[in-house]
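Dear colleague,

Please find the structure below, handed over for your use.

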Amino acid sequence: MHNKHIKYIIVSAIISFSVQSSFGQSFNPGNNKTYTPFTAFAAPVADTTPLHAPAGGPISNLEKDIITKSIKGANEGIHFPVGTPAIKTVRYDLSITDTIVDYTGKKRQAIAVNGSIPAPTLVFTVGDTALIYVHNEAEEPTAIHWHGVFLPNRMDGVAWLTQLPVPPHTTYIYKFPVSQSGTYWYHSHYDLQEQVGLYGALIFNKRTEPDIPTIPIVLSDWSNTKPKEINRMLHTESDWFAIKKHSTQSYWEALKAGKLGVKFVNEWKRMKAMDVSDVYYQKFLLNGKTSEQFKRFKAGDSVRLRIVNGESSTYFWITYSIGKMTVIANDGNDVRPVQVSRFIIAPSETYDVIVTIPENMQYELLATSEDRSGYASLWLGNGMKMPAPKLPKLNYFSGMKMMNEMMKMNGDMKPMGMDMTLQEMDMNEVMYPELNLPFETHEHHHGQMNMNDMDNMPMPMEDSTKRSNHSEQSNHHNHSSIYSCPMHPEVIFDKPGKCPKCGMTLVNKEEMDNMQMTSSGNNAITTLNYGMLESLEKTTLPAGPWKTLHFTLEGNMNRYVWTINNKTVSESDKILIKRGENLRIILHNNSMMRHPMHLHGHDFRLLNHYGEYSPMKNVVDILPMETDTLEFHASESGDWFFHCHILYHMMSGMGRIFSYEDSPPNPEIPNPRMAYHMLKMDDRMFFLTAENDFATNGNDGSLLYGNTRWAFQGEWRLGYNATSGYEVETHFGRYLGKMQWLFPYIGFDWRYRKHHTFEKTLFGQTDTKDDRKVLHVGVEYTLPWLIIADASVDNTGKFRIQLSRDDIPLTPRLRASFMVNTDREYMYGARYILTKNLALSGHYDSDMGWGVGVRVTY
């Protein structure tokens with residue numbers, strides 16, 4: 001890179017900071033008192049439909065006159081009197097179709113809206129009446145939820161709670177007055193459709209918006225695996241996703257990292273590998289693409305980005321080439337502008353952000369998945385590209401060590417002796433190399449650095465505070481021989497080269513000092529948290545009686561059960577509330593994963609140190625061990641969902657339903673009892689997994705068919721001759737306890753093999769392991785190191801105790817297993833995982849001898 005380009009970069013950073021500083025202080029958020037049509041969208045938005053256009057299909061609403069009938073809006077929000085200028089009805093038509101996409105070189109089925117993924121951006125103005133025709137031309141039912149919107153309960157779009165699913169080849173009409181402004185979105189609330197494309201941005205403009213070029217952004221994740229298969233794999237303890245993400249954290253990896261003791265303690269406490277994101281995604285998308293460009297912007301321009309995280313389970317880190325961004329709104333609600341270097345956007349959250357284009361170059365807004373497995377980019381401007389630094393891979397064993405220290409032996413979290421709230425203490429920071437080490441082998445933005453690159457890199461020097469303690473060293477170094485990166489001046493070097501963090505050419509430190517650049521201030525990392533959000537207006541609730549609820553979020557990652565107060569939606573009653581009440585929810589996260597909790601149809605105050613100006617939100621991302629307090633005014637009627645917005649956590653039962661007492665009947669739910677039963681089916685779903693080892697000494701296999709609490713287990717050994725014989729054993733039971741380590745069961749044990757001698761068990765009883773046809777009762781219990789202890793007694797009075805484990809992670813793909821019991825049977829073996837469904841195996845069985853083969857898994 002030429003010196004003039006380096007100077008350009010440095011000056012750009014200075015200009016950028018000064019522009020953003022002045023912008024943040026003078027930003028005018030607009031108003032609802034005057035009306036000025038907004039025409040500054042820099043990206044395409046949906047075209048409206050003439051109001052009197054044909055419906056286009058049979059109407060499936062049970063209230064057939066919904067098109068012409070005047071509809072009352074939500075009680076909350078802004079309501080204009082009849083006759084207010086420019087108040088109008090705005091119609092959009094959305095056609096939902098099955099489609100085929102190819103994001104990864106493999107064609108997969110998806111759902112498109114008006115032929116696109118994401119769905120088109122719908123734009124309304126405060127005071128409009130939204131009239132939205134949803135034409136379901138797909139082959140399965142659907143329902144559309146209007147996320148974060150104040151609206152009549154029957155228009156909320158939750159299948160089986162506020163409406164019946166929209167049948168295929170019919171039209172459903174949503175109609176509601178727009179009584180709020182901000183960035184929102186819409187998505188399917190039926191089954192797992194959100195994962196495969198049914199989501200889009202929803203913009204409610206104030207009657208007068210600031211005249212700033214505006215780009216709606218919808219972030220999403222894409223997997224080639226079907227959503228139902230993802231859900232099944234999560235519930236059946238498959239670690240294939242961890243293998244694909246290189247996050248297995250095996251014994252070999254722990255040994256290489258010097259963390260074998262950490263791994264042993266982790267399993268002693270009955271935990272599996274440290275997990276940041278549940279699912280492996282092949283692609284991360286921004287407006288349906290891995291990268292999008294807007295070249296129209298030039299030096300000095302400011303751009304408003306309305307960012308929606310419309311994914312199913314991915315958090316994104318948002319960073320920008322020149323560092324600083326100005327956050328002006330969250331979840332549709334204006335906040336006092338705050339400048340940050342980066343922020344994490346939770347599933348279903350929205351942020352409005354202002355960025356500037358300091359020079360005639362291309363600047364990158366980078367959305368990186370929290371697990372650092374991929375990213376999507378938005379490029380703004382024209383000219384030389386200025387990439388944002390790519391975030392380095394996570395240090396999982398540091399996270400594992402932290403988790404070991406936080407977890408009790410009973411699965412509860414230890415008290416931390418401090419108040420953790422509002423994202424102000426992110427425990428995952430121990431895994432972020434960019435915050436903990438001044439110099440590492442980072443990945444470049446467009447390629448991975450290998451060890452050969454290290455030979456050509458300048459060696460790092462101590463920072464200025466350390467150098468001041470070494471006068472002799474400081475005598476040998478002056479500015480003429482010190483080099484630093486314009487984007488990362490906190491790390492300095494003793495010779496020219498490339499920055500290990502971003503790949504940018506280093507610049508002479510004296511030149512940087514002359515241009516008044518420093519390694520702090522402008523370039524320090526400032527991470528947004530909820531404690532930094534301040535509402536522009538007072539948010540105190542109106543007078544009324546108060547009700548306080550305590551919710552503890554809990555989870556069992558091994559069996560993928562997610563609960564509130566150890567109960568799923570189907571296991572809990574609706575929470576009755578009254579209009580006029582004020583609800584206070586004290587929310588504590590007693591799990592090791594963060595959860596974005598979303599309240600339908602209402603905003604809540606998220607209490608922080610701004611007191612009366614605490615921000616209004618509809619999603620709160622609560623970190624492990626945090627406690628947050630939410631307050632909302634009960635102003636509506638009907639049933640409203642409160643749930644985790646990680647799609648697979650919600651489907652597993654992490655939610656509650658707030659139900660207003662004395663609500664009028666919902667005309668879209670003719671049979672509430674049946675509908676409520678159907679809603680509960682989501683977290684009662686059973687999942688099947690099975691495997692069979694086709695080996696030279698016989699067939700060994702197992703089967704598990706279970707749901708949140710109940711399970712049927714079966715296992716078999718089928719030999720090729722009478723000496724090897726056969727064994728079949730079954731267990732049917734219920735998991736008990738919050739961690740579900742206890743599993744009492746009943747079943748049968750049926751086996752035969754040709755034998756010549758009779759032995760005694762370790763209990764001194766006659767061993768019938770070669771000829772047994774019995775019923776038995778027993779209990780399984782998960783011991784430390786994830787060993788399964790199984791104690792049973794059969795109908796003849798024979799006792800048996802067995803210890804086993806089937807998933808010992810020796811390397812990222814090599815798994816060991818063993819079994820030993822009081823019938824003097826034992827087995828040990830290993831398998832090497834080739835694909836999701838196939839592994840090479842070898843084992844020794846005390847009854848069947850040595851065998852090698854292929855294990856097939858479903």
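**Helix α5 and other local features**

In this predicted model, helix α5 spans residues 260–268, and its buried residues are Val262, Lys263, Asn266 and Glu267. Viewed down the axis of α5, these buried residues lie within an arc of 130°, so they line one face of the helix. An α-helix has 3.6 residues a turn, so residues three or four places apart point the same way. The cover over the buried residues of α5 includes α4 (251–256), α6 (396–406) and β43 (799–809). After α5 comes Arg270, with a positive phi near 65°.

Asn287 counts as buried because its relative accessible area is 17%, under the 20% cut-off.

Ile117 and Pro118 are joined by a cis peptide bond, with omega about 0°. Pro118 lies in the loop between β2 (108–113) and β3 (119–125).

Lastly, the surface carries a nonpolar patch formed by Phe686, Leu688, Tyr705, Trp710, Phe712, Phe732, Ile746, Val777 and Tyr858, which together have about 810 Å² of accessible area. Of these, Phe732 is part of strand β39 (residues 726–734) and is partly exposed, with a relative accessible area of 40%.

With kind regards

Note on methods:
Residues numbered from 1 in each chain as written. Predicted model: local features only at pLDDT ≥ 70, side-chain atom pairs only at ≥ 80, totals over all residues. Heavy atoms only, no water. Patch = residues over 30% accessible without salt bridge, like charges linked within 9 Å, V, L, I, M, F, W, Y side chains within 5 Å. Areas by Shrake-Rupley, 256 points an atom, 1.4 Å probe, with all protein chains shown as cover. Salt bridge = Lys/Arg side-chain N within 4 Å of Asp/Glu carboxyl O. Helix = DSSP H or I, 4+ residues; strand = E, 2+ residues; numbered from the N terminus. Buried < 20%, exposed > 50% of the residue type's maximum accessible area, 1.4 Å probe, protein only. Arc of directions from axis to C-beta. Contact = heavy atoms within 4.5 Å.
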